[in-house]
Amino acid sequence: MTRECAALLPGVCAALADPRQPGLDDTCLEKLLDWFRSLTWFDPTVELVQDNPSLTELITSVLALPDPSPSIVSFTLQLAGILASSESRFQHLQQEKLLGRLFGREGPRGSAAWEDASVRSAWLKGVHSMVHHQPALPFLCSTGSMDVIFTLQGDPSLFVASAASQLLVHMLTFSLESETSKALNAKDSDWPACAQMIVKHIQESLQSSSASHVEQSLKLLSSLFGSCFGSCYAAWTEVLWLDIAKQIESFLLEETVQAQPVLANLLLNVARSPVFCGTEGSFWALVTSALERLTPVQAGPLAVGLLKLCKCPQDVRIQALTVLLQPMDCILRAASQPLECAGLLDESVSDPVTVESLLSSKTSCAGLLCQSLAHLEKLLSLKHLKVDLPCVSLLRSLMTILQFCNGSLSPTSPLGSTISRNLINCFRVQKSALDVLAALSEKKDCDTLIGSLFDVLLAYLQSPNTSPTVLKKTFQATSKWLVHLQGLPSNNQQQQTEKILEGVFLVLQKRLCSPCWEVRDSSLEFLTAMVKCLRDQNEFRQCLLSSEVLRLTENLLEDPESYVRASAVTAVGHLAPITCFAPESPVTGSQYNKESIIAKLQEILSTDSEGFPRRAVISIFTKWLREGCTGRLEDTEQFVSRVIQTVEHDLDWEVRLGGLELVEVFCSQTICQLSQCPYAPVSSAVTSSTPQKELLQVFCRAKLFGFLFGSLCDCDKPVGQRACDVLVGLRGHFYPMSTLENPQEVEDSPAGRGIAWLQRTLRQGSLAQNFPTDGGDGMDFQDPESMMLALGAIDLLELHDELNKSSDHVEESPQSLLQDILATVGTIEDNEVDCY
């Protein structure tokens with residue numbers, strides 16, 4: 001602690017303990033506690049308390065108050081716990097008889113303040129902070145604190161209940177750290193005293209007639225096995241599991257127990273423990289029993305968790321997959337009677353009637369399907385899944401679900417009719433099914449169903465009943481399957497591909513004219529996605545160029561909705577290399593002229609009232625520049641110059657930032673074109689050569705330097721940081737060996753006055769917002785020699801460090817915080833409170 005803070009601390013403590021003072025803001029108290037945590041973390045000695053007696057005086061004063069506020073009681077409990085986190089300070093506070101009065105029987109637990117959840121939470125936090133040395137455990141066991149923690153597990157405040165459970169996990173784990181000698185041959189009688197109390201509490205609660213007590217203990221066990229206890233204390237884990245396994249098994253057999261979801265989570269956390277990696281033993285038999293006895297909704301999370309485990313036995317893994325596929329199998333079997341094709345499963349894990357009854361119920365049908373579909377999507381995203389998914393049958397089931405949802409399939413079985421009625425226009429299920437459908441496009445086994453699949457997708461794209469959100473999902477799935485289609489052998493797919501693409505473009509033309517802006521927007525996003533993936537495919541280009549899509553997309557550049565205009569800009573930007581940038585453009589007519597497209601986008605950049613379209617334009621311009629679409633260096637130079645002269649006055653900082661990215665790409669490309677050795681720094685022998693002079697001339701003609709130096713003073717820090725990065729990169733090119741300019745020579749040069757002005761202006765930072773980019777005090781940003789001198793004379797690295805400092809680095813300090821607290825309570829006069 002600094003001398004200044006130590007001088008301020010007594011006043012702060014006195015103010016906190018004074019009931020006449022107004023209560024402090026909770027944020028101030030939290031920051032004060034954060035400061036004490038950092039102090040005690042780096043210094044475990046007792047001197048902190050001995051050298052600052054005002055801390056113990058504060059605790060004593062608060063304990064003496066007849067009716068202290070909950071906030072000051074909460075602060076004091078947490079402060080005492082933080083101070084007692086080291087053994088030496090714990091012993092000191094014990095000698096002062098303070099810890100018993102705070103955390104023991106005579107503490108606040110019997111007072112009116114205890115009714116406030118924040119006080120109970122602070123009590124638990126204080127205890128948690130204290131339990132970082134062994135003497136804290138017998139203190140808590142002997143003062144009745146353990147019973148309080150057990151009771152708080154069932155607190156009406158979820159935050160308090162969760163904190164109590166976390167504390168018990170910490171205490172049990174911590175109490176075992178000193179028992180490493182017993183860990184190899186651990187048995188029930190070897191539990192340390194504190195751990196024994198917790199284990200005994202768990203066992204008694206599991207046998208309790210109170211359902212809430214049973215659930216609390218199951219949650220505690222789940223947290224315990226899910227923590228480092230399950231992986232670091234293998235022997236103790238096995239002892240604990242053997243103590244409770246029979247009771248857990250009995251819960252699975254009892255249909256009346258309400259804690260099945262907690263049981264599933266507990267079993268999954270136990271399964272993750274290294275103790276149960278082997279294929280032998282009764283544990284996996286219990287897991288199998290759980291998969292059979294839990295309802296499909298309860299068993300789903302357990303099943304998907306087991307499938308992610310590397311060392312789960314294969315028979316359990318297959319059973320877990322079966323649980324997830326059962327609803328999909330039921331859908332497939334219900335679609336037709338008699339069954340026209342094989343279902344997903346040869347046999348079920350649980351009774352099929354259970355799944356059928358859930359799907360037959362209007363209230364549970366969508367929930368079960370959405371959960372199953374979400375789990376299947378997770379499995380499809382895994383790179384290494386140790387079971388084979390029946391992809392073809394799964395795809396057929398997904399198509400059936402989607403047809404049920406839009407009413408295009410009329411099942412003949414009674415069950416199918418019921419499910420169909422439950423799913424009609426169910427957006428939740430449609431979106432989930434389309435997500436899984438998109439994920440299945442990565443698989444290579446589904447080619448035989450491609451035609452039928454696109455019939456379903458096109459039906460959704462064409463239907464006026466498809467909601468905008470479902471349509472967006474349909475577009476996403478369609479684009480992924482179009483990419484899949486591209487990868488198929490061409491000899492038998494060309495005709496099918498052309499037919500599918502014709503259907504897609506017909507739908508797209510209609511959707512681009514939709515009165516709903518969300519539909520127009522997602523249609524443009526779909527078009528952009530297709531262009532990115534399929535622009536080299538002949539069938540795609542032919543369908544695109546023969547449709548009305550190009551004209552409609554260009555028309556949407558003037559859409560009344562800014563999101564749509566932005567998406568239209570992006571689509572036009574991706575279409576341009578096909579329509580007008582190619583050497584021999586397949587599109588004729590002035591409408592698709594390269595210059596007219598650029599002019600349209602530049603007009604949007606300079607005149608659009610909304611930021612989204614302008615951001616899209618600068619992003620597209622940068623993309624074109626990267627891909628070499630802007631032509632010769634002279635043309636590119638003029639193009640970049642026009643763009644940055646527009647961008648530097650834009651009110652949207654993201655547009656200005658995009659302009660800097662454009663400049664960075666232009667600089668690197670120009671350096672590569674004009675330097676003798678592309679991609680490499682220029683040696684000092686070359687720095688005065690013609691390419692270097694030509695580079696500077698190009699950059700000055702494009703008016704880059706005025707834009708870059710002006711951006712250093714931007715009021716939005718990310719812009720200044722990016723501009724500094726670009727200038728540092730340029731200086732590294734022109735001064736590769738760090739041979740910077742001599743300050744005296746710079747001062748005596750014709751540009752010396754201007755460079756001195758520039759240095760003063762840059763020191764002002766964002767205060768110099770009206771930066772004169774056309775020169776100031778003799779600074780000519782278009783003079784190559786002056787810019788060469790400026791790059792070598794100005795300390796850009798120091799400026800870089802300044803720009804990267806956090807905005808509150810000056811005021812954010814413990815001393816500032818203590819001064820603010822004293823100012824708030826009126827102890828210091830004429831002291832302005834800062835934001836910290």
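Student: Where do Phe 621 and Trp 624 lie?
Tutor: Both are in helix 33, residues 611-626, and sit three residues apart, about one turn of the helix. Keep in mind that this is a predicted model.

Student: Buried or exposed?
Tutor: Phe 621 and Trp 624 are both buried.

Student: How many aromatic pairs are there in the whole structure?
Tutor: A search of the whole structure gives 17 aromatic pairs. One of them is Phe 505 with Phe 540: the ring centres are 5.7 Å apart and the planes make 45°, so this pair is tilted.

Student: Which helices does that pair link?
Tutor: Phe 505 belongs to helix 27 (residues 494-511) and Phe 540 to helix 29 (residues 538-545).

Student: Which rings form a cluster?
Tutor: Phe 225, Trp 241, Phe 283 and Trp 284 are linked into a cluster by ring pairs.

Student: Switching to helix packing. At what angle do helix 15 and helix 17 pack?
Tutor: The angle is about 20°, and the axes are 10 Å apart; helix 15 covers residues 234-253 and helix 17 covers residues 282-293. That angle makes helix 15 roughly parallel to helix 17. Their crossing is left-handed.

Student: Which residues meet there?
Tutor: From helix 15, Trp 241, Ala 245, Ile 248, Glu 249, Leu 252 and Leu 253; from helix 17, Phe 283, Leu 286, Ser 289, Ala 290 and Arg 293. By class, this contact has eight nonpolar, one polar and two charged residues.

Student: New topic: backbone. What is phi of Asn 425?
Tutor: Near 60°, which is a positive value in a residue other than glycine. Asn 425 is in the loop between helix 23 (414-423) and helix 24 (427-440), and at 45% relative accessibility Asn 425 counts as partly exposed.

Student: What about Lys 703?
Tutor: Lys 703 has a positive phi of about 60° although it is not a glycine. Its loop runs between helix 36 (690-701) and helix 37 (704-711). The relative accessible area of Lys 703 is 33%, so Lys 703 is partly exposed.

Student: Last one: what does Ser 562 touch?
Tutor: Leaving out residues up to four places away in sequence, Ser 562 touches Glu 610, Phe 612 and Pro 613. Ser 562 lies in helix 31, residues 562-579, and counts as buried at 8% relative accessibility.

How values were computed. Residues numbered from 1 in each chain as written. Predicted model: local features only at pLDDT ≥ 70, side-chain atom pairs only at ≥ 80, totals over all residues. Heavy atoms only, no water. Axes fitted to C-alpha atoms, helices over the stretch in contact; angles between N-to-C directions. Helix = DSSP H or I, 4+ residues; strand = E, 2+ residues; numbered from the N terminus. Parallel < 35°, antiparallel > 145°, perpendicular 65-115°, else oblique. Left-handed = near helix turned anticlockwise from the far one by under 90°. Contact = heavy atoms within 4.5 Å. Nonpolar A, V, L, I, M, F, W, Y, C, P; charged D, E, K, R; others polar. Buried < 20%, exposed > 50% of the residue type's maximum accessible area, 1.4 Å probe, protein only. Phe/Tyr/Trp six-rings, centres within 6.5 Å; stacked < 30°, edge-to-face > 60°.
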